[in-house]
Amino acid sequence: LAENALTALHDEDYDVPFNTQSLNHTTMIFTGGRQARSLNGQYNFCVDLLDTGLRQKWFSMLPQPQEEKTEPWDYDPYEGETVPVPSNWAMLKEKWYFFEGSAWYTRPLDMEKLDAERRYFLRMGAAQYDCKIFLNGEFLGNHYGCSTPFFLELTEHLKAGRNWLMFCVNNTRTLDRVPMRNTDWFNYGGIYREVELYETPKTVIRDLFIRLSGDEGYDRIAVSGEVDGAADNARLTIPDLGIDQEIPVENGTFSAQIEASPDLWSPASPRLYDVKLEAGGDTVTDRVGFRRIERRGTEILLNGKPTFLRGISVHEDDLENGKVTSEEDLRRRFEHARELGCNYLRLAHYPHHERAAQLADELGFMLWEEIPVYWAIDFENEATFRDAQNQLLELIKRDRNRASVIIWSVGNENPDTDARLSFMRRLAETAKEADPTRLTSAACLINHAKRKIEDRLADHIDVIGINEYYGWYDENIEDLEVIGRNSAPDRPVVISETGADGAIGDGAPEKGFFSESYMADVYREQIAMLRRLAYVKGISPWILYDFRIERRQNIYQAGFNRKGLIHADKKTRKEAFSILASWYHELAAGER
Ligand code: GCB
């Protein structure tokens with residue numbers, strides 16, 4: 001019996017300080033315009049239900065010929081089965097479909113030579129949920145969170161020649177995580193976005209935030225950021241605006257306001273400008289749109305004009321690829337949104353791939369982005385708060401140059417307790433501090449008995465989201481009018497969700513709950529009602545595509561949420577699609 005089988009009852013008992021959440025928003029670098037070396041591809045792989053690898057320290061074992069092995073490890077990370085990265089293991093093998101636990105990924109990393117004047121950063125696009133990183137047998141850092149990128153500087157740890165990179169990714173659902181144990185989407189484990197290596201000069205631009213300035217009539221561009229390393233000045237160029245300006249760097253930060261009148265970005269005219277920033281020999285670039293998004297009273301204003309958000313909600317979910325997103329998948333999503341007549345999408349319920357917001361910038365869609373503070377989080381737990389706050393900051397730092405993003409949402413349908421109010425109010429404040437230029441929101445609660453929006457968080461966000469399912473979970477759609485009267489909201493309300501399940505294909509019902517025609521009727525009734533509701537400033541029905549979720553098992557659902565306007569095949573439209581599309585196109589025509 002190996003000694004380690006008797007110890008390590010709890011994670012904290014491992015003699016390596018694993019659970020430190022050491023990789024967080026402070027270790028990010030700005031990657032726009034940088035050349036990356038892809039570390040995607042085949043990795044040696046092993047699921048490890050009992051965390052034997054942490055106890056036996058599989059990570060510390062470097063490749064050894066069979067005859068030189070000093071211990072009988074239960075897994076050899078350098079032999080055996082491989083899987084592609086990015087991927088979700090649930091989609092690779094039937095026996096991994098429901099697997100929740102740790103899994104090990106190993107690959108070589110060959111460095112022809114190391115340049116003493118360069119720095120090296122590993123970037124992980126996303127890993128669900130807890131990811132520990134090892135290099136050449138050493139534990140280097142750990143990240144929590146499911147959908148935001150994280151970085152680890154390898155400069156001091158790489159050697160010339162062959163290195164070994166290893167990840168231990170654990171997707172166990174626990175009470176103290178964000179999200180916690182219970183969600184209405186599938187728990188796809190694994191490294192499911194790109195892994196890359198970035199090489200930079202000694203001085204690194206860590207952060208660049210550029211936007212139209214909210215002061216003085218929006219005739220300025222504000223720029224700020226962080227430089228790590230020697231630099232006296234940063235130089236900003238935006239050729240199409242005639243901007244070429246030196247900005248002093250002090251204590252590693254810079255900030256300036258520059259007079260400019262760019263053409264404003266909007267869905268109708270998604271103008272983007274090439275931006276370049278240089279400092280201390282480092283250079284980054286971006287394509288940035290400039291626009292104003294504000295709330296005034298109960299209106300949402302885009303570039304000073306009241307705007308109605310014609311939206312649709314969407315998950316990252318694919319029949320074959322799980323949460324792995326491709327360019328093709330994203331483009332198809334925006335084409336469907338365009339066909340519907342949308343000017344807006346809600347990216348639910350966690351940060352989607354960063355390419356989504358880049359494409360929305362180019363194609364002209366506004367976005368709601370969100371962190372998975374979903375249902376009953378451990379609101380009393382300060383460590384849970386830090387995790388949520390870190391996911392929010394990583395998302396904001398990743399996407400705050402995207403004109404398409406107009407809303408940071410801090411959560412969805414959470415019980416109105418004191419602990420929750422404090423937790424989510426602090427998140428809304430964090431968002432405003434990191435980015436004062438966008439609106440905050442959350443899906444708030446309706447008290448159905450009182451027919452009123454009743455949620456103390458509503459006073460602390462800019463836009464009140466409500467998920468209402470009249471015609472599905474709730475009966476009387478007339479209540480929506482009463483809710484408006486009873487609540488008399490002092491700020492814009494957006495229906496962040498509404499919808500109904502509609503099964504199609506073999507065995508689908510002809511009428512009643514779960515039929516396509518029932519779903520179509522719900523959309524007709526909702527639209528008839530929404531035409532009368534002045535307090536609603538936008539909607540994002542639930543949802544564009546049917547998606548996988550194992551908690552729904554009736555014969556029509558069979559492991560899927562069937563509220564998609566389009567089947568999970570991402571091709572077959574349901575009747576409700578054209579009903580919503582004709583209303584949206586009518587609204588869009590009225591705007592012109
Ligand atoms: C909701 C949740 C969403 C669910 C949806 C449903 O309110 O926010 O995550 O999937 O309802 O279909 O019940």
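This is a predicted model: local features need pLDDT of at least 70, side-chain atom pairs count only at pLDDT 80 or more; totals for chains, interfaces and linings use all residues.
The shell around the ligand comprises one nonpolar, four polar and four charged residues, where Ala, Val, Leu, Ile, Met, Phe, Trp, Tyr, Cys and Pro count as nonpolar, Asp, Glu, Lys and Arg as charged, and the others, Gly among them, as polar. These residues are D184, H349, N412, E413, N467, E497, W542, N561 and K563, each having its C-beta atom, placed from the backbone, within 6 Å of the ligand. Residues are numbered from 1 along each chain as its sequence is written.

The protein chain contains eight helices and 36 strands, defined as DSSP runs (H or I, at least four residues, for helices; E, at least two, for strands) numbered from the N terminus. Its radius of gyration, taken over C-alpha atoms, is 25 Å, close to the 25 Å given for 592 residues by the globule rule, so the chain is as compact as a globular protein of that length; the rule is 2.2 Å times the number of residues to the power 0.38. Buried residues account for 47% of the 592 residues, a residue being buried if 20 or more other C-beta atoms, placed from the backbone, lie within 10 Å of its own.

Strand β21 (residues 299-302) is joined to β22 by two bridges, and the bridge partner of L302 in β22 is K305.

Methods:
Two strands pair if DSSP finds at least two bridges between them. A residue is buried if 20 or more other C-beta atoms lie within 10 Å of its own, exposed if 12 or fewer, and partly exposed in between; C-beta atoms are placed from the backbone.
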